Amino acid sequence: MPEVLDFTSTQIKNASIQFMDGNTQQPGEKFGCMGTLESETETRQKTKNCEGTIEVITIPLYQTVTIGAHIKVNVLKNIFGLSNEGLKAGVRKYGINSKGKKFIFTADEIDEFGDVKKLIAYPNCSTLTGLSVSIDNDADEAAYIELEFRASPDESGEFYYDAFVDELTDQTVAENWHTEFNRTLIEEVQV
């Protein structure tokens, strides 16, 4: 497979979310219609002062990911912990006892110029914000719901993975990325 040397992100599509029910990973489901994705890494620095020369090491801690999207109802329910416990069918509640589920977030990052697709994954996520609603009767376009979540390190210390589809030699990685992403899927098997 040829190595991808040039990539310009122009679209984010095909987002999926895999919720954790306790310690059990649920199969991936469609997240909704993506609009925007931004991520920023939080870091800490260690310094060493040796005879007037300062050396700095930057250590990544986690990423804060912000998404603007039209998110599916079931996804919102699980992210924010909406429930109907103790209520009549069809009624949901959200309040001080609401607890969202942890999740794995995956998506396709597209380069339309080079016709290249990159798969991305955040393997250990939880929401950083509460449920918020914005409705504007005068708007010409339906507003995206904005979601901010923390991508924390997984059991291997990683909080972000990506793969160019054109570089994959094992196509099961691409086939299962959005439905059952985990370390077993992407780890090289030692023979």
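Guide: The model is predicted, with local features needing pLDDT of at least 70, side-chain atom pairs counting only at pLDDT 80 or more, and totals for chains, interfaces and linings using all residues. Residues are numbered from 1 along each chain as its sequence is written, and side-chain values use heavy atoms, with hydrogens and water left out.

Visitor: Which residues have the most contacts inside the largest nonpolar core?

Guide: In soluble globular proteins, nonpolar side chains tend to be buried together. A nonpolar core is a set of buried Ala, Val, Leu, Ile, Met, Phe, Trp, Tyr and Cys residues joined through side-chain atoms within 4.5 Å, where buried means under 20% relative accessible area, exposed over 50% and partly exposed in between, with a 1.4 Å probe and protein chains only. Here the largest core has 25 residues, and Phe31, Ile79, Phe105 and Phe149 have the most contacts inside it. Two or more residues come from each of β1 (11-21), β5 (53-71), α1 (73-80), β6, β7 and β8 (145-151); helices (H or I, at least four residues) and strands (E, at least two) are DSSP runs numbered from the N terminus. A second, separate core of eleven residues includes Tyr161, Leu168, Val173 and Phe181.

Visitor: What does isoleucine 104 touch?

Guide: Contact means heavy atoms within 4.5 Å. Isoleucine 104 lies in strand β6 and, at 4% relative accessibility, counts as buried; leaving aside residues up to four places away in sequence, its contacts include Ser16, Tyr122 and Phe181.

Visitor: How many disulfides does the structure hold?

Guide: A disulfide is a covalent bond between the sulfur atoms of two cysteines, and the criterion used is a pair of cysteine sulfur atoms within 2.5 Å. The structure holds zero. Cysteine 125 is buried, with a relative accessible area of 0%, and its sulfur is 20 Å from the closest cysteine sulfur, in cysteine 33, so this is too far for a bond.

Visitor: Which residues are closest to the centre of the largest pocket?

Guide: On a 1 Å grid over the protein atoms alone, a pocket is an open set of points where a 1.4 Å probe fits, with protein on both sides within 12 Å along at least five of seven lines, and lining residues have an atom within 4 Å of a point. The largest pocket holds about 420 Å³ of space, and of its 22 lining residues Met20, Lys102, Phe103, Pro123 and Asn124 are the closest to the centre. The largest share of the lining, four residues, comes from β7.

Terms used
Points joined across faces, edges and corners; volume = space filled by probe spheres on them.
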